[in-house]
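I opened my notebook to look at how the inside of this protein chain is packed. The entries follow the order in which I looked things up.

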Amino acid sequence: MFKRSLSFVLLAMLAVFAYAQVDFKVSYKRVSPTEVDVIFTGKAAPGWHIYGTNIPDGGPTPASFNIDSAKGARLKGGLKGGPGLHTSVDPIFEMEVSYYEGTATFTQRVELTEKDYDLQGYLKFGACNDENCLPPTSIDCVVKGSDGPTAAAAAPAEDNVLPEAPETAVAATDSAAAPMPAATDSVAANALWTPVIDRLNAFGNENDTTGKSLWVIFGLGFLGGLVALLTPCVWPIIPMTVSFFLKRAKGDRAKGIRDAVTYGVSIVVIYVALGLIITTIFGASALNDLSTNAVFNILFFLMLVVFAASFLGGFEITLPSSWTSSVDSKAESTTGLLSIFLMAFTLCLVSFSCTGPIIGFLLVEVSTSGGTSLAPTIGMLGFAIALAIPFTLFALFPSMLKKTSRGGNWMNQVKVCLGLLELAFAFKFLSVADLAYGWRLLDREPFLCIWIGIFATMAFYLFGWLRFPHDEYDPDEGSKTSVPAYFVGLASFAFAVYMIPGLWGAPCKAVSAFAPPKTTQDFDLDHVKVEPMFLDYEQGMAYARANHKPVMVDFTGFGCVNCRKMELAVWHDVKVRDYLTKDYVLISLYVDDKTPLPSPIIVEENGQQVKLRTVGDRWSYLQRSKFGANAQPFYVLLDNDGMPIGPSRSYNEDIDAYVDFLKAGLEEYRK
């Protein structure tokens, strides 16, 4: 069993190591007292080719050299390709491209201008085979030393100087998505980045969802705790609890109540402590950054797949028996409050193999939602309370609950259904990484196909048409389906059928929070679309000023669940759609866009220097510095000078309120 599960995990990890198809090494050659060549030598696997430096616009990613920082050194000339360059017409891009097969060499010459020099940069390149392409990939390099010329040979080239003023620097730096105008008519570019937090607050915050979101997180945790109660690992602990508290009660009712309450509080403390540990290790901003990190999402994808395989009966995930035995024996031998705490700890350890996947998914989901840093703690509080309440009751009334622990095959059915749900949600995390890095491996159609298959499988299983390794089978009864299993199976089958039209472009609002956006759909028969006119802030503002229209800036993210809900549930409404397509210029800024900027930007924030390296970094800084917000979705209405014309708005599916929000902003603009 273990070998099969290991093989499955290794197979899933092949996608992570796709970069192994192209391997680059960096070397350095001193060609004169004031010049150093940085040499990148790449080897491509058979069938793969690396693109050269001269690629037309709209084609694949060309090889280019970019600077992070430069002191006492500057570039001399551009990046030069080595021998072996091929040229042909690429049928995919429908243009003539240059590329290398087997081995590619690129050389960038660096001129030293001071005795102490330090240049940090990277090679960005693209590579494809006949079926797939790697995302734009970077290879870092450092040219550093103290053996340069004693006097500066020349002033640093202007193109390599990092900007000093934060707002001006950000606004004047080209976006990787598209060229940016140097100025927007009579409005200086940096004026569009001027903070407007006070003016925005003066309109009032119509949509403070912090309290609501925390209650939602608490509710998710509470629901997870109720689900955990039905798992086979938790159910058998009931007789252990009953036996333990029967021995302690001995007719003293007051002591029994005190012990039971202590037991419940101990369960809550243990699980909330786990949430606090997560909160301490990661802050809200770090968790928001992790939410679209490829490694983070792929690791949790693999974790959920492994847990799902365990729930389906492939193998058992258990903690070492010595751990639980040791804690249990100490609980029996210890007296006082410590023994009750150890009993609660035994519950947590024994039930880990079933509660672990639920806790893991809960923590990942609330931690990567871009909300407050309290989210993991609040989620675990809800989980712990749901789990603690029934066990506190068991401790209060042990003599009445001796027969409560009777189980049956229904617990296996619960476990299999949980495993299939874990598998479905696993692909949500893989999709987030796929969207953020532009791999296009899991577009909307394949994602929906996988979910349709999973929920159809759940229905067939509950109908008794499928069995998994740990299912009981009574030859006399055959594969009878219980009434509850039938209704759950019917709901699962109906959900699978509901998603089928989504393969042709139907909105499928019920899965909009998890499925990739409709922009990834290749075959779409739904002609009702609301798409942003611009993905670049300055370009959109220039267009709006030229056409005398107000702007709605949509701060969003590829991994933003609530953003997808708003786009399908609210933007699809005919009244909202008319405002957004006819009266406003819609600018969507993806704060988790991993596209590298042409060169990093150094800005000052909270007394510290922050380096913006990607397009998403830039838009995230704009949201924080100009509007004082950091959560998505975040909608703000602006005039042509970048000033608010109404309050900000975030996640709220109230369509009438959204229409009023857009209508009031338009009236304010026309004044």
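I began with a cut-off: a residue counts as buried when its relative accessible area is under 20%, exposed when over 50%, and partly exposed in between. The model I am reading is predicted.

Entry on cysteines. I looked up Cys417 and found a relative accessibility of 13%. Cys417 is therefore buried, because 13% is under 20%. Cys449 has a relative accessible area of 44%, so I noted Cys449 as partly exposed. I then searched the whole structure for disulfides and found zero. For my own reference, a disulfide is a covalent bond between the sulfur atoms of two cysteines.

Entry on the nonpolar cores. Which residues touch the most other members of the largest nonpolar core? I wrote down Trp451, Phe455, Met499 and Val511, out of 33 residues in that core. At least two residues of this core come from each of helix H8 (294-311), helix H13 (409-437), helix H14 (444-462) and helix H15 (483-499). H14 gives the most, with 10 residues.

Entry on Ser620. I located Ser620 in helix H19, residues 615-627. Is Ser620 buried or exposed? Ser620 is buried, since its relative accessible area is 13%. With neighbours within four places in sequence left aside, Ser620 is in contact with Val591 and Asn630.

Technical notes:
Residues numbered from 1 in each chain as written. Predicted model: local features only at pLDDT ≥ 70, side-chain atom pairs only at ≥ 80, totals over all residues. Heavy atoms only, no water. Core = buried A, V, L, I, M, F, W, Y, C linked by side-chain atoms within 4.5 Å. Buried < 20%, exposed > 50% of the residue type's maximum accessible area, 1.4 Å probe, protein only. Helix = DSSP H or I, 4+ residues; strand = E, 2+ residues; numbered from the N terminus. Contact = heavy atoms within 4.5 Å. Disulfide = S-S within 2.5 Å.
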